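Here is a quick walk around a model, one spot at a time. Keep the sequence and the 3D view open as you read.

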Amino acid sequence: MLQSALMNVMVKAARRAGRSLKRDLGEIENLQVSLKGPANFVSLADKRAEEMLLTDLLKARPGYGFIGEEGGARIGDDKTHTWIVDPLDGTTNFLHGIPQFAISIGLQREGTIIAGVIYNPANDELYTAERGKGAFLNDQRLRVAGRRQLNDCVIACGLPHIGRGDHELSRLEMTAIQNKVAGLRRFGAASLDMAFVAAGRLDGYWERNLQPWDMAAGQILIREAGGTVSGIEGDDDPLKTGDLICGNEFVHAELVKILRPLGK
Ligand code: IPD
Ligand code: CA
Ligand code: CA
């Protein structure tokens, strides 16, 4: 696959930070399980990965802005471009040695995401997408699944954990969807949930209260794989609301129909 210069920069950065996370995952598996130890270690791993991404991405594109989960915002001279980065999406999985976590890098130009990379160093799955150029898993072109009936579909969701989100609403949503689908899943890394929708592994996914770095890269992957992404309203921007629904156009519309009225 011929890669653009931009994609080269993003992929190289993701792979370098990925090697660091993978080494740290190995350490976690050997760490004594104390309550404080592993959590502190993970937060260091997280920060180390973000430092690497910040260094590599800003070295290659010095003027761009940078929003990273661990370091907050940096304003660049070039006000039109911003990197939106989650150095470790799926922290809880990582902490427990569950190999479902990823580095997520999105590039925003004037409010629109124009490129995305999601990389899971545990299984070396690299998802890439650039506007107008398609979405890929390693070298393989991606297309969202074609199912149109919800009762054939496997759908993923996010669940708010202790102290976060609206648990009551989350239960209402799950019950409503559970009754209509072939399978409901909760994998624990929003970026990979979206990558799985782009790859046609999942038919759809929804979650509330996401942050821009959870979903920037995933959005362009799904769109370039022919899918639809919106907020819970069906035509709103998830980067603005934090709530997200995605799937092929039929599954997306069905999910909107069920979920939209529940939050009112
Ligand atoms: C979290 C994961 C999780 C989602 C949460 C996110 P983090 O990101 O993507 O799947 O349910 O909403 O905050 O904290 O592991 O980077
Ligand atoms: Ca995240
Ligand atoms: Ca994170």
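## Ground rules

Contact, or touching, means heavy atoms within 4.5 Å. This is a predicted model, where local features need pLDDT of at least 70 and side-chain atom pairs count only at pLDDT 80 or more, while totals for chains, interfaces and linings use all residues. Residues are numbered from 1 along each chain as its sequence is written, chains are lettered from A and ligands numbered from 1 in the order in which they are written, and side-chain values use heavy atoms, with hydrogens and water left out.

Helices (H or I, at least four residues) and strands (E, at least two) are DSSP runs, numbered from the N terminus. Buried means under 20% relative accessible area, exposed means over 50%, and partly exposed is in between (1.4 Å probe, protein chains only).

Let's start with Ser 20, which sits in helix α1 (residues 5-30). Is Ser 20 buried or exposed? Its relative accessibility is 2%, so Ser 20 counts as buried. Leaving out residues up to four places away in sequence, Ser 20 touches Arg 48 and Met 52.

Leu 95 belongs to helix α3 (residues 91-95). Its relative accessible area is 29%, so Leu 95 is partly exposed. Leu 95 and Ser 43 are 52 residues apart in sequence, yet their C-alpha atoms are 9.4 Å apart in space.

## Helix α4

Helix α4 (residues 167-178) has 12 residues, and at 1.5 Å a residue it should span 16 Å. The expected span is 1.5 Å times one less than the number of residues. The end C-alpha atoms of α4 are 16 Å apart, which agrees.

Which residues of α4 are buried? They are Leu 169, Ser 170, Glu 173, Ala 176 and Ile 177. Looking down the axis of α4, these buried residues fall within an arc of 130 degrees, so they line one face of the helix. (The arc is that of the directions from the helix axis to the C-beta atoms.) Their cover includes β9 (154-157), β10 (183-185), β11 (204-207) and α8 (249-259).

## Around ligand 1

There are 14 residues around ligand 1, and Asp 89, Gly 90, Thr 91, Ala 190 and Glu 207 come nearest. Here a residue is near if one of its heavy atoms lies within 4 Å of the molecule or strand.

Now for the polar contacts, meaning pairs of N or O atoms within 3.5 Å; within protein, one must be able to donate a hydrogen and the other to accept it, and residues adjacent in sequence count only if both atoms are side-chain atoms. An oxygen of ligand 1 is 2.6 Å from a side-chain N or O atom of Asp 89. A backbone N or O atom of Ala 190 lies 2.9 Å from an oxygen of the ligand, and a polar backbone atom of Leu 88 is 3.1 Å from a ligand oxygen. On its own, ligand 1 has 380 Å² of accessible area, and the protein covers 86% of that. (Areas come from the Shrake-Rupley method with a 1.4 Å probe; for residues, only the protein chains shown count as cover.)

## Loops

Asp 124 is in the loop between β5 (112-120) and β6 (125-130). Its phi is near 60 degrees, a positive value in a residue other than glycine. Asn 209, in the loop between β11 and α6 (212-224), also has phi near 60 degrees.

Leu 142 lies in the loop between β8 (140-141) and β9. With a relative accessible area of 6%, Leu 142 is buried. Residues that Leu 142 touches include Tyr 127, Phe 136 and Leu 221.
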